[in-house]
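Have the structure open as you read.

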Amino acid sequence: MKMWQPLKSFWRLITYNLETKVGFSIVALFVLTSIIEAIGGYRILPYNPLKTFVGKPFSPPSVLHPFGTTKLGRDLFSMIIAGAPNDALVSFFVVGFSFSVGGLLGAAAGYVGGILDELLMRITDTFFAIPALILGMAIAMILGPSPYHLMFALAIIWWPPYARLTRSEALRLANMPFVASAKLSGISGPRIVLRHIFVPVLSTLLVYATLDIGTVVLTYSGLSYLGLAVRPPYPDWGYLVAQYQEYIIYAPWLSLIPAGVIMVVAAGFSLLGDGIRGAIQAERGR
Amino acid sequence: MRTFSKKGVTRTQIVAAIIVVVIIIVAGTMLATRHAPTTPPPTTTTPPSTPTTTSTSSTTTTSRAVSNTTLSIDDYYWPIDNLNELYAEQFVPWPDWLEGAVYQTLVAVNLSAEQNYGKLQFLPDLATGWNTSTNGEVYTFYLRHNVTFSDGNPFNAYDVWTEFYFWYYLTGNSTTFWNGLNIFNTSNVNVGPATFALINQSGLSNPSPQLLSIMGNTNLPAYVTGPYAIVFHLAVPFPFFVNTFTGFEGMIFDPMYVLQHGGPGQPGSINSYFNTNPIPGTGPYTVTSVQMDEYVEFQQNPNYWAKSLTPSQIAANPILDPGHYKTIIVYFKSSDTTRYIDLTTGKVQLAAVTSSDFQLILNNPSYGYAVIKYPADMVSLDFNNNIFPTNVTDVRLAIVHAINYTQVIDQAVFGYGKRVMGPETPNYGQFYDPGNYPPYSYNLTEAKQYLAEAGFPGGKGLPPLTLEVDALGTSWETPAAEIIQQDLAQIGITVNIQVVPDSVFYSPFGSYQTNLQDASQIPPLSFNAVDGYAPDYLAPTDFWTSFVTNMSPWGNWGAYNNPTVDSAVLFMDHSNNLSAIMQKLTVAQGVIYNQAPYDWLFAAQLPLIDGSYAYNKQTISGFYMDPNLVGVTDLPILNTITPA
Amino acid sequence: MNPLTFFLRRLVTALVTLFGVTLITFTLTHLISSNPLVAWLGKSASIDPQLAQIYIKIYHLKSPLYLQYFYYIDGLLHADWGFSFSKGEPVAQAVSQTLPYTIQLVILSLLFTIILGVAGGILSARFHGSILDKTIRTLYILGYASPAFFIALVLILVFSLFLPVLPTGGAAPVGVTLPKPITHIPLLDALIEGDWTAFSSLLRHAILPSLALSLGLFGVVTRVLRSSILELINSNFIRAARARGVSENKVYFYAFKNSLVAVITLLAITVNFTLVADIFVENIFAYPGVGQYVVQAALSLDYPAVLAITLVYAIIIVTANFIADLLYAVVDPRIRYE
């Protein structure tokens with residue numbers, strides 16, 4: 001009986017209402033596609049996304065090529081699927097990193113207070129003042145274009161909001177009686193931070209994180225648009241939009257479809273996050 | 001809960017109503033004040049004459065009419081360093097929109113002969129005549145009388161003298177200040193701020209005796225022998241000196257204006273006043289309004305010295321054309337989509353349209369576009385001749401025979417590329433490919449053979465080669481690179497394409513010495529430039545020196561060097577014995593052909609490589625391009641644009 | 001803690017942050033390429049070696065990095081922001097020419113964001129669950145999820161090609177004389193002077209870019225406002241008002257007023273996002289603001305410009321956060337005792 005509990009809660013969360021279901025479906029599709037593609041590689045795609053002239057160049061969407069073909073006759077559908085793992089990897093890693101590292105840092109700083117707290121605040125302030133895009137640009141320019149470099153660059157600057165979130169919760173909780181009693185019963189500091197401060201914040205963090213993954217997808221697409229994610233001929237959603245945006249009159253599907261995909265995925269996370277938040281609030285009875 | 005209150009209008013509703021009313025008022029005003037398009041959208045009643053349009057003006061006898069309408073143009077690049085002509089010794093502003101329309105040169109290129117027939121011919125412009133001494137070292141120019149700059153100051157030899165030494169001063173007193181050529185002995189030159197101050201005091205219309213003696217000092221490389229005669233004394237018999245007056249440093253402006261508005265500034269920090277207040281010239285137009293990074297407005301100059309030229313005179317020397325529009329406005333719009341929309345909705349009559357939307361222009365017979373019949377814009381795939389494996393001649397030869405050039409030209413530049421065998425371009429007559437070697441052929445068998453001979457049969461043993469692409473040129477460079485990547489894969493060579501920012505691309509490059517030093521930072525394969533390499537001035541020495549010698553100040557990315565070639569080019573720079581020059585060059589060409597230091601892909605026939613200046617054939621009939629074949633500006637010469 | 005100490009602490013924090021920003025940006029831009037000469041001079045860097053030497057001397061290009069940084073900060077404190085090579089004029093001049101246009105766009109887009117966001121928030125809260133609510137939510141989710149460059153392109157297509165009512169770019173057409181610089185912000189100046197032609201023309205050119213910015217961001221405001229209103233709607237205060245017979249609309253209005261706090265604090269984040277999206281939007285619309293300038297400068301390795309603009313962005317963001325912090329503290333007394 002107890003085993004099914006978490007699964008049942010999970011199910012309740014994701015089926016809270018229509019939007020959540022839609023959001024979850026989009027996210028699930030995105031994640032599954034990325035995983036399958038990452039494992040299977042180009043072989044499982046209808047066409048090799050790198051192969052030129054598999055169809056007449058600039059042909060609009062058709063049965064053979066559901067998303068049409070590019071300037072050199074590549075199949076856009078295969079290219080989109082091939083580009084999915086990049087977005088998934090980067091967004092989940094960045095948010096996961098921020099969530100765990102940032103969250104723990106903030107919880108610890110809030111609990112311990114003092115100089116550690118001050119230092120953390122100043123650091124987060126500084127990173128906050130630099131738009132993520134510019135810093136990402138700079139780091140990627142130095143290290144060269146690669147999704148891994150961007151992942152690294154974004155992770156560095158993405159964690160402050162999580163730290164702040166957990167920190168303010170920590171400040172609130174640190175003076176609560178149950179924490180004092182935990183201290184008295186001899187539980188170590190780190191354990192307290194983890195169990196009594198971090199865990200309660202998890203649900204808020206989770207909602208924020210879900211919404212955030214969508215934001216990372218957008219930022220990563222922005223950086224990819226600037227050419228910092230991949231080198232030709234490898235496909236990446238943002239880069240595709242940039243490559244074909246000027247063809248918006250001649251071959252609009254070439255830029256509208258990748259942009260649309262980015263939009264749908266980001267929207268999916270948004271819907272899911274909103275839904276989860278609604279579900280959690282409903283559970284609590286406000 | 002969801003019903004509106006039935007108790008009358010609530011506060012919320014009032015606020016909402018106000019907002020709606022405000023929006024309506026604002027929207028209404030805007031719709032009312034929008035300008036109607038100046039020309040109606042194109043109809044398809046015009047029968048397509050020729051599928052491609054050359055840059056000839058078909059108006060040799062007609063269209064002397066001056067239209068009172070305004071010509072609006074969308075360009076894709078705001079001039080580097082704005083409109084400040086003092087930067088000319090740095091080969092900017094580029095594109096120099098003011099060439100021809102505002103600034104003229106001593107010597108004019110016959111645009112019709114050059115762009116219709118591929119013949120290089122020099123005609124009088126601000127100089128009515130010139131001659132050379134028998135030893136080829138002394139050039140005398142006789143200047144035109146009764147010419148004034150648009151600010152009223154008279155044009156004379158003293159102006160040319162002053163401007164000449166401006167260049168010397170602004171390069172920090174470099175001996176190679178004149179177009180990078182080492183042809184002047186500058187050891188006696190002592191012209192600087194003190195002299196300029198003197199000039200400012202005395203003025204150039206009637207210089208003081210002290211100033212006259214300075215300007216007439218025959219020990220200087222340039223000196224005046226009268227108000228309308230200037231002499232250049234070279235240190236070597238450089239046969240192409242007259243050609244050097246067609247480009248950047250040859251554009252004549254009013255030095256008095258410069259001196260009266262703060263002077264030229266200093267080398268390293270040029271006076272920025274002229275960024276938006278262009279120095280006056282002698283041409284048919286003046287700049288009347290500048291909004292930085294947005295537009296430049298030109299108006300016809302009522303005091304232009306050649307305003308009464310007859311149509312046949314204009315046809316004989318088209319760059320002197322007084323112009324066919326009272327007002328011309330050039331807008332900067334960085335997005336190709338917006339430029340295309342502006343053109344097709346009639347907001348502008350001429351627009352730079354590239355790759356993406358250029359296909360639409362090609363498919364639409366009511367639009368014409370500029371094509372350069374005799375191009376000089378060289379696009380090459382450059383090898384690093386000093387690091388492994390591209391330092392192996394047979395490897396290079398394998399690569400040059402493995403590329404499907406036709407496919408590259410068709411896919412990347414819509415077929416508008418002329419196959420060439422460099423280092424020279426086809427417009428210099430005999431100086432192009434002396435020896436008549438054919439451009440490298442696409443021959444996979446031969447390529448594989450070379451590779452095997454080099455010791456890498458089937459590509460085994462070769463590391464992957466990086467092909468560096470400049471981010472600014474990705475529209476044509478990426479497809480070209482991808483095709484090359486696939487072509488080379490066929491003979492077993494792996495190519496990795498790397499797109500880098502423009503500034504990073506250029507950072508290791510410089511003179512031959514620099515490139516040699518930086519050889520480890522230079523990629524094995526790269527394209528020579530985003531928009532090809534076009535002449536900064538019209539002499540054959542330009543490309544020969546720049547691409548394949550150790551005297552190259554710029555352009556020899558692969559740091560290639562061969563003593564036979566070096567001595568041939570050196571000889572060409574310092575001798576006026578034409579047959580001897582040609583003999584040596586022929587031998588040098590043979591060496592280059594066999595060593596393939598660069599893979600000359602094509603000379604670009606579209607001024608924007610994969611795009612061009614498109615126009616509605618109902619509104620414009622033609623125009624000429626830059627006499628330096630897009631080296632100074634790729635925008636058509638404004639005063640030669642003729643209405644339909 | 002009294003207000004003065006609070007204010008001073010925040011000010012010091014802000015200054016330290018800015019200092020940190022210059023340090024980071026300086027290091028990064030120099031790491032990308034430590035020899036910008038070729039980028040600045042192009043061909044003539046090697047053709048005129050004497051000129052190259054002069055540039056090296058003036059800009060200390062061969063000095064160690066920390067010395068260059070010192071010279072830079074020294075210059076900043078003396079109001080010398082350096083020379084911008086991509087523009088050919090002092091950076092301070094270039095920034096003062098481009099910044100007003102960006103500020104124009106940001107303010108106009110904030111206005112649109114507030115109007116759209118508040119209208120959306122109120123309407124979707126008032127009619128929550130209805131089709132209107134769902135439509136608004138779809139719209140803002142799509143807007144929020146679209147990359148800024150994409151929204152800009154679509155807007156151009158719709159409003160300049162299909163319905164040619166608005167211009168495709170630029171800030172003002174030729175022939176429109178710009179108003180005298182009073183506040184230095186062209187739109188405001190035109191308004192102050194009553195120059196109707198200039199004002200309407202400037203406005204026409206600013207609408208699409210601002211709209212592109214706000215369409216992506218109004219969702220944040222709408223979402224927060226909606227949930228905040230809905231939370232309050234069941235509070236005791238509101239229940240009491242209903243019991244007294246206050247109309248439904250008025251009740252929602254009360255809830256809205258009390259939610260304003262949340263909206264105000266959002267504006268700081270919105271400014272952050274707007275500045276980033278602004279870079280893309282300005283480039284597509286060729287709008288002569290700082291966003292277009294920074295891309296030009298970054299591509300030509302124009303360090304002084306890139307550093308100055310990053311600093312300007314940081315100042316704007318820090319100021320916005322500062323103001324938001326102050327407002328928040330004014331409203332929520334708990335924060336003051338931190």
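This is a predicted model: local features need pLDDT of at least 70, side-chain atom pairs count only at pLDDT 80 or more; totals for chains, interfaces and linings use all residues.

## A helix pair

Start with helix H8 (residues 336–344) and helix H9 (residues 355–363) of chain B: their axes come within 9 Å and cross at roughly 25 degrees. Since angles under 35 degrees count as roughly parallel, that makes H8(B) roughly parallel to H9(B).

On the H8(B) side, B:Asp336, B:Thr337 and B:Tyr340 make the contact, and they meet B:Ser356, B:Asp357 and B:Leu360 of H9(B). Sorted by class, the contact of H8(B) with H9(B) has two nonpolar, two polar and two charged residues.

## Cis peptide bonds

Most peptide bonds are trans. B:Phe388 and B:Pro389, though, are joined by a cis bond, with omega at about -5 degrees. You'll find B:Pro389 in the loop between strand S15 (378–383) and helix H10 (393–402) of chain B.

Another cis bond runs from B:Gly422 to B:Pro423, with omega near 10 degrees. Here B:Pro423 sits in the loop between strand S16 (417–418) and helix H12 (444–453) of chain B.

## Positive phi

The loop between S16 and H12 of chain B also holds B:Asn436, which is not a glycine but has a positive phi of about 55 degrees. B:Asn436 counts as exposed because it has 9 C-beta neighbours inside 10 Å.

B:Ile609, in the loop between strand S20 (598–604) and strand S21 (611–616) of chain B, has a positive phi near 65 degrees. Is B:Ile609 buried or exposed? It counts as buried, because it has 29 C-beta neighbours inside 10 Å.

Conventions: Residues are numbered from 1 along each chain as its sequence is written. Chains are lettered from A and ligands numbered from 1 in the order in which they are written. Axes are lines fitted to C-alpha atoms, for helices over the stretch in contact, and angles run from 0 to 180 degrees between N-to-C directions. Helices (H or I, at least four residues) and strands (E, at least two) are DSSP runs, numbered from the N terminus. Angles under 35 degrees count as roughly parallel, over 145 as roughly antiparallel, 65 to 115 as roughly perpendicular and the rest as oblique. Two residues are in contact if their C-beta atoms, placed from the backbone, lie within 7 Å. Ala, Val, Leu, Ile, Met, Phe, Trp, Tyr, Cys and Pro count as nonpolar, Asp, Glu, Lys and Arg as charged, and the others, Gly among them, as polar. A residue is buried if 20 or more other C-beta atoms lie within 10 Å of its own, exposed if 12 or fewer, and partly exposed in between; C-beta atoms are placed from the backbone.
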